[in-house]
Amino acid sequence: MVHPLDPLSAAELKTAVDLITNGLATAFPGQSPYFKALTLDPPVKKILAPWLDDVAAGKRVPTLPRKAEALIMLRNQGKATYYEVFVDLSTSKIDRYFAIPAGHHTGLDEDEMIASEQALLKNEDFKKAIAKLRLPKEAVVVADSWSFGADTRAERPRLIPFMCYARLSSNTSSNHYNYPLPIQPVLDSSDFTLHAINWTPIFGGDNIDGVDALPEGIFPWEKMAPKEYEYDAELRQENGFPLRAGLKPLQVIQPEGASFTVQGRTVSWQKWKLHVGFNFKEGLVISDVRYDNRLIFHRLAVSDMTVPYGDPRSPFHRKQAFDLGDVGAGVCANNLQLGCDCLGEIFYFDWDSVTSKGEVVPRPNVVCLHEQDEGIGWKHTNYRNGKASITRSRVLVLQTIITVANYEYIFAWKFDQAAAMHFEVRATGILSTHLIVPGEKSPYGVEVAPGVFAPNHQHLFSLRIDPAIDGHNNTVVVEDSVTMPYSAASPPKNNQWGVGYTVQKTPVEVSGWVDAAPEKNRVFKILNESKINPVSGRAIGYKLVPTPSQLMLAHPESVCYARAEFGQHHLWVTSHRDEELYAGGKYTNQSSGNVEAVQSWVDRKDNVKNADLVLFSTFGLTHNPRVEDFPVMPCETHQISFKPVDFFSQSPAIDVPPSSQAVNKSKLVDASCCKKEEASGKARL
């Protein structure tokens, strides 16, 4: 039996393509569908949730219908119209289709990105503009397509801007981001004709002048040093920059194999059981999360993210990406490699997608599954007899990595032996760069290499959390640790020495938002108030330990701010609705605050006390670049955690086997040997 949350198989994708192509032929004669996305349309929760409970209870269950959702384009006399199409694979019929609402634009797809860049590089007006720059003869122009952004609420045609660069090497691995060009062309997506050519500011401060302001309009390209700022190891060595020495192998070896099991896409490990899904927009989706057969979460996925840039000068003022909404995490997922992205005993999950022509494309290794040692789990030494009790903390890791042009994001779910879950995001890759006159200073970023300017920006993520703490009716309670009232002149009877503090508990009863407050040790507890812990007498639950990130820095009256509603607060609590998956709205490309997103959902003021609710957690980083972030950025790591609170009757990690040398087989380093090797190395130098 196919699990109802498994991604569409290659055969199902082909069937869906045929059904859509043939099913729309009558209504749209002569128009072949251009497939922008094709993915699973999962069962609604009211059907799916009982089915999952029955499976967990060992009951026989029926096969649920398999359905697909497609986003397509049809072109009639040069005009493109975009449609959502829903297909029932079980009945081989199109359920329904409709054009996307007016004023909304679909995101970019892979084939469109490639075709638009090719069209731009062949455009004669663009070639003439590039010729004016008088680049070195060996320069090869590279154009990264972007989403256009928005600076007005007025409707615009669907546009594709480009960040342009050059590379001075014939090697396609050469880092073109170390040679930005001061030009931003824009194409009309309907026919790839040139809509505009924008020249970018190249000076510091609020100066908006471009290359025309330079003597004879010539940029000092000779002052740039692209060979010094390669990141590829082979290229660096070719350019005379050797790799560091002295690093000996560190291998992760599990002589008896992995401790997890995988059946289909269901993973079991150390009392955990969960389903691993994947789709084109959210990428990795974790569902039906249970610990010791107790339900904890129904569904978990990155809902959206935005990367607003802080340079207010045109055309940079529109620079704001929604990497999931504008492109999609699934289609940007890396093919993860053994010994590189994941270490140890590795299991990979694959995924299939389709091209714009509806051809199935296998995407291997989009998710890796492995175990990882995380140091000490718990320890206590009895000081009376010197006996130490200690366990190592082992975690199960589900990891996916996406590349969105210059940036990489590493998303990892970690499940530990203390029944806690952690969602970790690592941002790495290469800074999005602009050209600047060498030596110029700017309040909006920093020169990270001669002539290479890295603007200040933010990365804000929204995690969608569909809890089911021993059931689907839950309540969010905000807990703050606060100082008790005290006066030294007249101490109160209940706090005579001024040391007391209490925990204030505020339930969220109506849909709305709450912000982090680290000065109050604020945590958000998701409770099942119908079930009481027999030890504490309190409702069982899990607590969300938030990352108190800085929120949107764009002005509240700006279009940039309006586009990313989820970036305005740390936690949003809404009532559950199946279709409300994306905190930034379904169509973020060129949105201007006109989409129905998380703010609209909380504005309903639905009851969320003892209800089927959903949380959207906002976190991320404000990235004001430094020289050390170039030519490739060391990982910036952020994590949020979900920990049991009164869910168990004692520590769930108490039964983890103690750590021992007999099992771990660590080796003692001979320090004298190391000193001899070090001395020998110095002698050779």
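This is a predicted model: local features need pLDDT of at least 70, side-chain atom pairs count only at pLDDT 80 or more; totals for chains, interfaces and linings use all residues.
## The disulfide and the cysteines

A search of the whole structure finds 1 disulfide, and this bond joins C342 to C368, with a distance of 2.0 Å from S to S. A disulfide is a covalent bond between the sulfur atoms of two cysteines. C342 lies in the loop between α6 (323–327) and β15 (347–354), while C368 belongs to strand β16 (residues 360–381), so the pair ties together parts that are 26 residues apart in sequence. The torsion about the S-S bond of C342 and C368 is about -85 degrees, and therefore the disulfide is left-handed.

C342 counts as buried because its relative accessibility is 2%, and C368 counts as buried because its value is 0%. C164, by contrast, is in no disulfide, and the nearest cysteine sulfur, which belongs to C332, is 19 Å away.

## Helix α1

Helix α1 (residues 10–23) has 14 residues, and the 20 Å that it reaches from its first C-alpha to its last is close to the 20 Å expected at 1.5 Å a residue. Its buried residues are E12, L13, A16, V17, L19 and I20. They cover an arc of only 165 degrees around the axis, which puts them on the same side of α1. On the other side of α1, the residues A11, K14 and N22 are exposed.

An α-helix has 3.6 residues a turn, so residues three or four places apart point the same way. The buried residues of α1 pack against β1 (34–40), β2 (67–76), β3 (79–88), β4 (93–99), β15 and β16.

## Helix α2

Helix α2 (residues 45–56) has 12 residues and reaches 16 Å from its first C-alpha to its last, which is close to the 16 Å expected at 1.5 Å a residue. The residues K45, L48, A49, W51 and L52 are buried in α2. These residues cover an arc of only 165 degrees around the axis, so they lie on the same side of α2.

The cover over the buried residues of α2 includes β12 (283–291), β13 (294–308) and β23 (457–467). After α2 comes G58, whose phi is positive, near 80 degrees.

## The largest pocket

Rolling a probe the size of a water molecule over the atoms shows where empty space is left. In this model, the largest pocket holds about 2000 Å³ of space. Its lining consists of 48 residues, of which V252, I253, Q254, D373 and R394 lie nearest its centre.

Several elements, namely β16, β17 (388–404), β18 (407–416), β19 (421–429) and α9 (661–664), each supply at least two residues of the lining of the largest pocket. The largest share of that lining, 6 residues, comes from β17.

## The largest cavity

The structure also holds 5 cavities of 30 Å³ or more, and about 80 Å³ of space lies in the largest cavity.

The strands β6 (159–167), β7 (183–188) and β20 (434–435) each supply at least two residues of the lining of the largest cavity. The largest share of this lining, 3 residues, comes from β6.

Conventions
Residues are numbered from 1 along each chain as its sequence is written. Side-chain values use heavy atoms; hydrogens and water are left out. A disulfide is a pair of cysteine sulfur atoms within 2.5 Å. Helices (H or I, at least four residues) and strands (E, at least two) are DSSP runs, numbered from the N terminus. Buried means under 20% relative accessible area, exposed over 50%, partly exposed in between (1.4 Å probe, protein chains only). The expected span of a helix is 1.5 Å times one less than its number of residues. The arc is that of the directions from the helix axis to the C-beta atoms. Contact means heavy atoms within 4.5 Å. On a 1 Å grid over the protein atoms alone, a cavity is a set of points where a 1.4 Å probe fits but cannot get out, and a pocket is an open set with protein on both sides within 12 Å along at least five of seven lines; lining residues have an atom within 4 Å of a point. Grid points are joined across faces, edges and corners, and a volume is the space filled by probe spheres set on the points.
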